[in-house]
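Please examine the sequence and the model shown below.

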Amino acid sequence: MNDCVFCRIAAGQAPATKVYEDDMLCAFLDIRPITRGHTLVIPKRHASELADLDAESGAHIFRAGHRLALAVRRSNLAADGANLVLNDGTAAFQTVPHVHLHVIPRRHGDKLSFAAGLLLRRPHDPESTAAAIRAGISALAHEDETNAEERE
């Protein structure tokens, strides 16, 4: 779908600060983040709404969102938690007609800054933010390796 900005991002034809990518999906920083590290996870194959998305792709997107939520906790962003949000359809405030999961890092006591972020939606040094998330992903991979070795 050539007129879809998320399809162009997935194809490398539009700019984005990517933090993760595999054969089925792409994750990149939101250009209007609510909090620092706000990431979008999208399927590479176009799906306007959940009804257009097969169950396995949906599960893969949520597994990646789960991993990113853990990564922001282990990164120097030092999140205490995360909101995983998928707005399905315009009635649910979906603004880009391509399925996307929001991974929004949260911190204890951030209610006021979170509310301000909903209104202001300004970027927070995308390159260092993406580097922090990638470092969190690497830390998770190292933990996985260590845990696998301990089980052997």
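Which elements each supply at least two residues of the lining of the second largest pocket? In this predicted model, the elements that do so are β5 and α3. Helix α3 gives the most to that lining, with four residues. The second largest pocket holds about 300 Å³ of space and is lined by 18 residues. Nearest its centre lie I34, T35, R36, S113 and H124. By residue class, the lining of the second largest pocket consists of seven nonpolar, five polar and six charged residues.

T35, one of the residues nearest the centre of this pocket, belongs to the loop between β2 and β3 (39–43). Is T35 buried or exposed? T35 has a relative accessible area of 11% and is therefore buried, the cut-off for that class being under 20%. Its side chain reaches the backbone oxygen of P105 at a distance of 2.9 Å. When neighbours within four places in sequence are left aside, T35 is in contact with I104, P105, F114 and H124. H124 is also among the residues nearest the centre of the second largest pocket.

The largest pocket has a volume of about 640 Å³. It is lined by 34 residues, and those closest to its centre are D30, I31, R32, L40 and R121. Five elements are to be noted here: α1 (5–10), β2 (25–29), β5 (101–106), α3 (111–120) and α4 (126–151) each supply at least two residues of the lining of the largest pocket. Of these, α1 gives the most, with three residues. The lining of the largest pocket divides into 20 nonpolar, eleven polar and three charged residues.

In soluble globular proteins, nonpolar side chains tend to be buried together. In this model, the largest nonpolar core has 23 residues, and V19, V41, I61, L68 and I133 have the most contacts inside it. Elements β2, α2 (55–74), β5 and α4 each supply at least two residues of this core, and α2 gives the most, with six residues. What is V41 in contact with, leaving aside its neighbours within four places in sequence? The partners of V41 are L25, C26, A27, I61, A64, G65, L68, V99, H100, L101 and V103. I61 and L68, two of these partners, are themselves listed with V41 among the residues that have the most contacts inside the core. A second, separate core has ten residues, including F6, F28, L40 and I42. L40 is also one of the residues closest to the centre of the largest pocket.

Two further residues lie at opposite ends of the accessibility classes. H98 is found in the loop between β4 (81–85) and β5. Because its relative accessible area is 0%, H98 is buried. The side chain of H98 reaches the backbone oxygen of P43 at 2.8 Å. Apart from neighbours within four places in sequence, H98 is in contact with C4, F6, C7, I42, P43, R45, H46, A47 and S48.

R151, by contrast, is placed in helix α4. R151 counts as exposed because its relative accessibility is 66%, the cut-off for that class being over 50%. R151 and I9 are 142 residues apart along the chain, and their C-alpha atoms are separated by 39 Å.

Definitions and conventions. Residues are numbered from 1 along each chain as its sequence is written. This is a predicted model: local features need pLDDT of at least 70, side-chain atom pairs count only at pLDDT 80 or more; totals for chains, interfaces and linings use all residues. Side-chain values use heavy atoms; hydrogens and water are left out. On a 1 Å grid over the protein atoms alone, a cavity is a set of points where a 1.4 Å probe fits but cannot get out, and a pocket is an open set with protein on both sides within 12 Å along at least five of seven lines; lining residues have an atom within 4 Å of a point. Grid points are joined across faces, edges and corners, and a volume is the space filled by probe spheres set on the points. Ala, Val, Leu, Ile, Met, Phe, Trp, Tyr, Cys and Pro count as nonpolar, Asp, Glu, Lys and Arg as charged, and the others, Gly among them, as polar. Buried means under 20% relative accessible area, exposed over 50%, partly exposed in between (1.4 Å probe, protein chains only). A polar contact is a pair of N or O atoms within 3.5 Å; within protein, one must be able to donate a hydrogen and the other to accept it, and residues adjacent in sequence count only if both atoms are side-chain atoms. Contact means heavy atoms within 4.5 Å. A nonpolar core is a set of buried Ala, Val, Leu, Ile, Met, Phe, Trp, Tyr and Cys residues joined through side-chain atoms within 4.5 Å.
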